[in-house]
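Take a walk through this fold, one part at a time. Keep the sequence and the model side by side.

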Amino acid sequence: MRSKGARWLVLDKRRFLLAIIEELAGNAHISFEGDLPSLKLTSIPGASECETEALKRNTLWPTQDFLVLPFEPSMGRAILSAIGGTVPGSIIHVQVEKEGVLQFGAYDNFHPESIYFGGGVRQEFLESMLCQGLLKSIQKPEDKNTPAEK
């Protein structure tokens, strides 16, 4: 399922983000990058504008707001509430690290070619997301310049 050619279409950003937060919670951090002042993310204890070893800014120009939040189990709903109960278009990039290793990235507003799952995201979790209709795996089209096999 994690084939190199797979792209991931997130069909329900809010529910999927809550699920990935719950999947990776505990000794973890999440970063948000974009136009964040209207969101209440800074109200979460431990919020920081500093990059970490695993969570880096992805947009250098124009400079975007960048926040890193620690999260433990049961914090998913508080984080969703702080962003307004949905995933607004003002959030461009979301990353999650667990124990210092990047485990999830959704870049360019969850663009299908810009979703990353690290090895810490269980196969069973991905299968559950597919079954619930929150995620869809899309294969990249074959390269049209490649000669057909005979």
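Leu-24 lies in helix H1, which spans residues 13-24. This is a predicted model. Leu-24 has a relative accessible area of 1%. The cut-off for buried is under 20%, so Leu-24 counts as buried.

What does Leu-24 touch, leaving aside residues up to four places away in sequence? Its contacts are Phe-71, Val-96, Lys-98, Gln-103, Phe-104, Gly-120 and Val-121. Glu-72 is 48 residues from Leu-24 in sequence. In space, their C-alpha atoms are 8.6 Å apart.

Strands of a sheet pair through backbone hydrogen bonds.

One pairing can be followed residue by residue. Strand E2 covers residues 28-34, and strand E4 covers residues 91-98. They pair in the antiparallel sense over 7 bridges. Within this pairing, His-29 has Glu-97 in E4 as its bridge partner.

Next come the aromatic rings. Across the whole structure, a search finds 5 aromatic pairs. One of them joins Phe-16 and Phe-104, with ring centres 5.7 Å apart. Their planes stand at 55°, so the pair is tilted. Phe-16 sits in helix H1, while Phe-104 sits in strand E5 (residues 101-106). The pair therefore ties together parts that are 88 residues apart in sequence. Both Phe-16 and Phe-104 are buried.

Phe-16 also pairs with Phe-125. Here the ring centres are 6.3 Å apart and the planes stand at 50°, so this pair is tilted too. It links distant parts of the chain: Phe-16 in helix H1 and Phe-125 in helix H3 (residues 123-131), 109 residues apart. Are these two residues buried or exposed? Phe-16 has 0% relative accessibility, so it counts as buried. Phe-125 has 6%, so it is buried as well.

The aromatic residues also form a group. Trp-8, Phe-16, Phe-104, Phe-117 and Phe-125 make up one aromatic cluster.

Last, the cysteines. How many disulfides does a search of the whole structure find? The search finds 0. Cys-50 has 51% relative accessibility, so it counts as exposed. Cys-131 is exposed, with a relative accessible area of 71%.

Methods
Residues numbered from 1 in each chain as written. Predicted model: local features only at pLDDT ≥ 70, side-chain atom pairs only at ≥ 80, totals over all residues. Heavy atoms only, no water. Disulfide = S-S within 2.5 Å. Buried < 20%, exposed > 50% of the residue type's maximum accessible area, 1.4 Å probe, protein only. Helix = DSSP H or I, 4+ residues; strand = E, 2+ residues; numbered from the N terminus. Contact = heavy atoms within 4.5 Å. Pairing = 2+ DSSP bridges. Phe/Tyr/Trp six-rings, centres within 6.5 Å; stacked < 30°, edge-to-face > 60°.
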